[in-house]
Each structure stands twice: as structure tokens, then as C-alpha cells.
Amino acid sequence: MADDPRTYGVYLAYFGPGLLKVGITAAERGAARLVEQGAVTYAWLGYGPLMAARRAETLLGTALDVRDRFGKAEKRAARTALPPVPERAAALAELHGAARGLAGWPEALEPVAFAWTDHTEVFGLGRIPATGVGEVEGLVAGDEVVGTVVAGVGADVYVRGAGDAGGAGDSGGAGVAGNVGGAGGAGGAGGVGGTGVLVVDGRLLAGWVLRGAVGGVTTAGVRAAGKGAGGEDRGGGEGAQGSLF
């Protein structure tokens, strides 16, 4: 990859308080990588050849202890307690300034003046409740997820159960009713009975045939947020280098 002729961008991404990361992506992809990861707010740090971008990423990690990835559980938890946009931008500005002041900045990396972009409206972050979000644990043949899509952040899809009246901020959501493979489910363990908001990793749907739901409530297994396993990103998460290209 050292002879890759394309230009790469080095970015700083904000996922929540204390969750700031550095990463790189092919410049031709624009902000697609940031959207895929569910970055709440972000800023570009510089552009240059691949090896220069990688050196900058490593420099921030060693000199400023900036991480290059976060797990799914960390990012989901942070979305429920986001500070106002100005605070997010200020955190990025501080890190951007610190990064530019480091000795050892790669000469081939052209720095970029600080400018931030926020994804609140793109993702629908204001429609994610602060508490009570259930997490779909997995899907088996016949499982159903029924309700209204209220937000989409990276691979995560937030759905308000069909039996829940919802809040004032939920207007405009898209309806969804899906049966995964096989016959209609008879009721999954841990189901939420169609009420409240739940989040499902859209990557769980890969390979399944989707059909219209038979029932009126979610039957897929759902657990309370933050309980059980599942803290790490599955295949296709931040560690998938193919997404850079």
C-alpha cells in the first residue's frame, strides 16, 4: 500500500465526552467514512500521501494518547448523553490545535485550518432517548422487528415500537415492519412487546430475506442497553481497512 498514489485525509472524530479519535480515509470518499462510523462531529486535520497520513495518525496516538477506534457499546452509550454542539466543536478545536503543535508533523501532510461538521440532523440524534433504549441481541428465522425508524447512526438503526405513542420529536420517521426469513415468529426471548425504542445493528440483516411483518410487535430478542456482550464492533466496523478505499 506504500505506493498508493491517492491523497488521504486525516480526520478527528467526536463520538461523545472523552471519545475523540484520529483516523484516515481516502480523500475521494469525502465524509463517507465518518458517516459509516457514526461520528457525531468531526474535523479534518490534513491531507497527503498514505504513508504521511499513517505517520500523523501514529503521532497523535503516541504523543497525545488519541485512540484510533472505539467499540460499539461505547459509542451507543455516548449518544444518550451528548453535550451541546458548541462543546463538541470546542473539544475538537482543542485537539486540532494540540495536534498541529506537535513536533514530528509529517512534511508531506498538508495541514487544514480548523472547521467542524456536525451530524445531529443527518443521524436524527435528537430522537434518541437518553434512557431505556433496548438492543436487539441477534436475529433468527422468523424474528420480527416492528415499528417506526426514528434515527440511523452508522450501522445502528433506532426503531420505536409500534405500540409506543412516542415523543414529540418522532414525526417524520419512516415505518418499518420486517420478518427475517422463514415463518412468522412466535415471540422471541427478551422481546420488548412492541413498546419503547430499540436499536438494531443493520449488519445483522446481511444475508437474510426480509418480508412484511406478520404480527404487530417486535419478537426478536432484546436486552437492556449496556447489558451482556457485544461491546466490540463486528465485521465491517472501524477496524475494517477495506472501508478506507
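Helices (H or I, at least four residues) and strands (E, at least two) are DSSP runs, numbered from the N terminus. By this definition, the chain has five helices and twelve strands. The structure is a predicted model, in which local features need pLDDT of at least 70 and side-chain atom pairs count only at pLDDT 80 or more, while totals for chains, interfaces and linings use all residues. Residues are numbered from 1 along each chain as its sequence is written, and side-chain values use heavy atoms, with hydrogens and water left out.

**The chain as a whole**

- Of the 245 residues, 43% count as buried, where buried means under 20% relative accessible area, exposed means over 50%, and partly exposed lies in between (1.4 Å probe, protein chains only).
- The accessible surface of the chain is about 11,000 Å², and carbon and sulfur atoms account for 56% of this surface; accessible areas come from the Shrake-Rupley method with a 1.4 Å probe, and for residues only the protein chains shown count as cover.
- Contact means heavy atoms within 4.5 Å; among contacts between residues at least 6 apart in sequence, 81% join residues at least 24 apart.

**Nonpolar cores**

- A nonpolar core is a set of buried Ala, Val, Leu, Ile, Met, Phe, Trp, Tyr and Cys residues joined through side-chain atoms within 4.5 Å.
- The largest nonpolar core has 33 residues, and Val10, Leu12, Leu45, Leu60 and Tyr158 have the most contacts inside it.
- Among the elements that each supply at least two residues of this core are strand E1 (8-16), helix H2 (50-64) and helix H4 (85-100); H2 gives the most, with six residues.
- Leucine 12 is in contact with residues including Leu45, Leu60, Leu92 and His96, leaving aside neighbours within four places in sequence.

**Arginine 79**

- Arginine 79 lies in helix H3 (residues 72-79) and is buried, with a relative accessible area of 6%.
- Not counting residues up to four places away in sequence, Arginine 79 touches Ile128, Val153, Asp156 and Tyr158.

**A nonpolar patch on the surface**

- Leucine 210 lies in strand E11 (residues 210-212) and is exposed, with a relative accessible area of 53%.
- Together, Leu205, Trp208 and Leu210 make a nonpolar surface patch of about 260 Å².
- Patches are made of residues with over 30% relative accessible area and no salt bridge, like charges being joined within 9 Å and nonpolar side chains (Val, Leu, Ile, Met, Phe, Trp, Tyr) within 5 Å; a salt bridge is a side-chain nitrogen of Lys or Arg within 4 Å of a carboxyl oxygen of Asp or Glu.
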